[in-house]
Each structure stands twice: as C-alpha cells, then as structure tokens.
Number of protein chains: 2
Amino acid sequence: MSFKTTATIASFGGKLLKLSHTSKTVGCDMALNLYLPPQASLHKVPVLFYLAGLTCTGDNGAEKGLFQSAAAEKGIAVVFPDTSPRGLNIVGEDDAYDFGSGAGFYINATKEPYAKNYKMESYITEELPSALFTSFPSLDASSISITGHSMGGHGALTLFLKHPGTYKSVSAFAPICNPIACPWGKKAFSGYFGDNIEEWKKHDATELVKDWKAGGGLDVLIDVGTGDNFYKQGQLLPENFVQAAKSVGLEEGLVVRYQTDYDHSYFFISTFAKDHVNHAAKYLFA
Amino acid sequence: MSFKTTATIASFGGKLLKLSHTSKTVGCDMALNLYLPPQASLHKVPVLFYLAGLTCTGDNGAEKGLFQSAAAEKGIAVVFPDTSPRGLNIVGEDDAYDFGSGAGFYINATKEPYAKNYKMESYITEELPSALFTSFPSLDASSISITGHSMGGHGALTLFLKHPGTYKSVSAFAPICNPIACPWGKKAFSGYFGDNIEEWKKHDATELVKDWKAGGGLDVLIDVGTGDNFYKQGQLLPENFVQAAKSVGLEEGLVVRYQTDYDHSYFFISTFAKDHVNHAAKYLFA
C-alpha cells in the first residue's frame, strides 16, 4: 500500500512526514507521522516505533514527545502510528476514551463486533512496517526497535515479547504492565477477547515475560513517574512486571526508574525521550 | 496580584506551573505558564519571556516549544503569557483569528471599544513581571530577556526597542517585522489605533530600530523559515527590518538566519529553541 504524504515539515534538520494510507488489515484509512532524520538522505537509517497511549493519535508524540531532537542526533527514523482504526461505525466504538477508537491496545481482537477490524497487532507488526519499507527505501528493515507510552507501553512490551527477533530493543514510558490485573486492561480485553482469561494472558507483558526464552537476557528501560495518577490508581503495575521478570531470572537487564514527581503527560515523556532514543540506539547500531 | 496555581508539572528536572491571576490592566483573569528550572530551588534565576503568536495561548510554547530542555540546562525561568485578554464580550472580539482574542499584538490599544482592556504592552512589561517577582522570589527581577514567535516576535522586538534597559537581550522566531506594511499589522493597528499612521509607527520594529540609541550596538537573533507561507506572503518582512537597521549602522549585531524549508509551526520553533535560550543566556549571565 502506498502512502499519501499530506505534509512535509522540516524538523531538527530532518523531515516529519504526515502520511496516510489505506490499511487492508484494519479496513480503513490510517494516518501516521514518520520522522526521517537528516542522515536518511545519505544512507539507510534504523527505525524506532513509538506507540502512543489512550486517546492519542500519531500526532501527540510527534508534536510533544521531543523524540526528533535525539533521533536526529543519532540518525534514527521514528514512526508514530495511530492507536486504533477510525470511523468504522462499529456500535459502541466511540462511547468511551478507554475502549474502541483511540484505544486499540495493539492486539488482534477475537470478539465481535471488533474481530474484523481491531487488528492493531498485525497492523503494527506486519502491514505498516512492510508498507513503510517498500515506500521509503532509506528505512533499514533489518534494524527496528520499539517504545511506547501507557497503553502504547503495553503495546511495546507485548509486541517485543510476542515477536522475538522482530525488535532489537524495547523501552516504555509509564506502561500498562499487567493489563489482566488493572481496570483499563480488564475492560479492553473483555471487550476485545471475551471472558477467557487464558486468552488475555497472551497479551499481558507480566505473563509473557515469564515465558521469555529468546536470547540470554532482557534489557528493558522503563520510566514511571511517582506523581502519575494512573500509576497510583494501579493501572500500570510495573512492580508486577519486575516481580515476574525476577521469577524467571530476568531482572538483571531490567531498568525501572521511578522518576520523582513526574506525571503521565507528554511533559514526562519529553523529559526522558532522549534516554529512550539512546537506549534504542545502543541496539540499533550494535 | 497573587497567582492561583492550577497545576505543578515536573519537566526536565524543574517545574512547569500553570498559573492564573486577575489582571487589573486588562480587566480579566489571565492564564499563563511559568517554567522554573531546577536551579530555582537553589538560588535566583534569570527570566526569559516567550511571547506567542496569533491564536495561541500560554500553553503552545510550553507544550511544543521545547524551551524547558535548554532552560533547565542553563538555569533560566521561562514565562509563557497569553496573547490577549479573554472573554470580555467586546463586540467583534471573537470574530477573526487575527484580531481581538488571541491577537492582542502586545500594544496598548487607543481606539474604542478596545482601549480599555487591550493593554497587552502594559500587562507584559509592567503588571505581569511585577506580580511574578512578588510571588516567586526565586525569579531575578534584574535579569530579564525576551523572545517570541510571529506576532510574539513583533512583540519581543518592539517591547525591547520601546523599553531600553528592561530586557538584557531579544530574539525572535519568524517575527512580524514591519506590521505597518503587512496585512496582519494593518488590520490590527487600524482596529486598535485607528487610522493615524504616525501612531502605528510607534509599534513597528522596522520604524523603531531607526531610532535605537540605547547602548552601542544591537545584538538580535532572528530565525525565519524559507518554507514559511506567511513569510512568502509578505506578513513578516524581515528584509525591511534588516534594511532599516543597516540604515542606522546597526547591522553588525543583527543575525537573521533563513532556515531552509522550515515552516511557521512549532516544529520550526522547537528545532531552534535551544539557540534562542543560549542567545538570551549570553546576556542574562553576563
């Protein structure tokens, strides 16, 4: 699928492209942002996927996340996809901020009426990268990393764990680490998968990490703000993820930083975006 | 006037405060953002005012401008004021994006019905700093600089030129340099001042620079994007400002950088924000 470029915006010596394309996987037009660093005009560059959180589109990270600055320095392209299909007119799709539109949870739904279109896992791991690598030859298909925020942090961790070898590294900002045990996750998984808890577990980072066998260790960077109300309300549960990783001897490479007073906003993300780009760069250029 | 703090947000090791206060000068409640860098908890810090452009509030620069990163590094507080009074119910106030609400032009209007409230020049140069220095003792009242974007670039340049000694330095992003000669300026000045062109000239950077006598030189940093449609449409006219500065021998310290392909957006501002903070820092710490 080829892309329509609706804007080309100079940013930190590179270009931010506003793109849209028709997705077969999710059955609608999908918008996204692609940042090409200055190095992309000279040679192939590795790619970092940034998955956004509930209510966001591909614009939030591009406008407020401050990834471009560090990405331009390192020579890394950044993809900012949307968070769900849009405008499908599925009953209930637009009724809540934490389910349906803007809340695709980066899974392939199995329950009707969402099973046909809410296939964000396949979109993010297959159709979108394939389309990007075809249309933008300066992107290095062999060197991809992933990061994300909140629901997108859940997406980054689970897609990394479910698709060994696909991503060189993973990191996350305030990720939903244990969706089967938090209100956001229970609501979404029940709506997208039905009531079978065994199915839910296949999409839960805390469950998945217990089965991680690819390679030796697991080097993950996670930042969580201690002033984050969603953390305080038990929506994120990073402690559960750490505990699970420890239970299978994977704690060594796992860095969870509790950042004093930081909240859940893009002010938090922009402050630490450089660290996450640098974390990815270690692996993308290894 | 004391401030109400509606939010305190951790950002780059410092704090972004969302403030509001009742302004006597403009006769309504005014919201703003104040970034206190980490150094403000240890000692007094200098202050950079960032004046935003048409349609903006104090939020745009704080969310998308990326001043906090460089300001935290240097130890400079940043003030992000609103661009006009709000909610006064003056006839016509909300009819256009480039006049009235969101378009105060940092002048004191003399024409009715705007003369009573549209006094953004007095608000920015007198009431707001005075209130801030009273409420936030960590701000150094003796060390202030100013910058701004588009209409706010006009504000920064003209307030600097009209109030010698008030600001240690000035810089601007895509400023309206010669409002009496461009459509935006003609509309606004005619609405705020009436038809007397001699009055208009008192608020036009290109006119004011011809009379600049304070100190020896004039060290101004201006960035303009060559892909900026408003530049191409003749709304900014930086060449006129340069020509006027040259005519009085002030070209030496005037740096106007034409940035290839950059547009008028916050993607442009965020790319060069660090340079403008560093420009201010040279003078604020001199």
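Predicted model: local features only at pLDDT ≥ 70, side-chain atom pairs only at ≥ 80, totals over all residues.
## Two chains around an axis

**How the chains meet**

- Chain A puts 19 residues into the contact, and chain B puts in 19 residues too.
- The copies meet through the same surface, because 100% of chain A's interface residues are interface residues in chain B as well.
- Together, chain A and chain B bury about 1600 Å² between them, and 65% of that lies on carbon and sulfur atoms.
- Three residues stand out here: A:Ala10, A:Phe12 and A:Phe267 supply 37% of the area that chain A buries against chain B, more than any other three residues.

**Charged and polar links**

- You'll find 4 salt bridges between chain A and chain B.
- As for polar contacts, 8 residue pairs make them between chain A and chain B, counting pairs with both residues at pLDDT 80 or more.

**What chain A brings to the contact**

- On the side of chain A that touches chain B, the elements giving two or more residues are strand E1 (4–11), strand E2 (14–23), helix H1 (58–64) and helix H10 (266–284) of chain A.
- Sorted by type, the residues on that side of chain A come out as 8 nonpolar, 6 polar and 5 charged.

**A stop at B:His264**

- In chain B, look for B:His264 in the loop between strand E9 (254–259) and helix H10 (266–284).
- B:His264 counts as buried because its relative accessible area is 13%, and the cut-off for buried is under 20%.
- The side chain of B:His264 makes a polar contact with the side chain of B:Asp228, at 2.5 Å.
- Leaving aside residues up to four places away in sequence, B:His264 touches B:His149, B:Ser150, B:Ala174, B:Trp184, B:Phe230 and B:Leu236, along with B:Asp228.

Note on methods. Residues numbered from 1 in each chain as written. Chains lettered and ligands numbered in written order. Heavy atoms only, no water. Helix = DSSP H or I, 4+ residues; strand = E, 2+ residues; numbered from the N terminus. Buried < 20%, exposed > 50% of the residue type's maximum accessible area, 1.4 Å probe, protein only. Polar contact = N/O pair within 3.5 Å; in protein donor to acceptor, adjacent residues only side chain to side chain. Contact = heavy atoms within 4.5 Å. Buried area = accessible area lost by both parts, 1.4 Å probe. Salt bridge = Lys/Arg side-chain N within 4 Å of Asp/Glu carboxyl O. Nonpolar A, V, L, I, M, F, W, Y, C, P; charged D, E, K, R; others polar.
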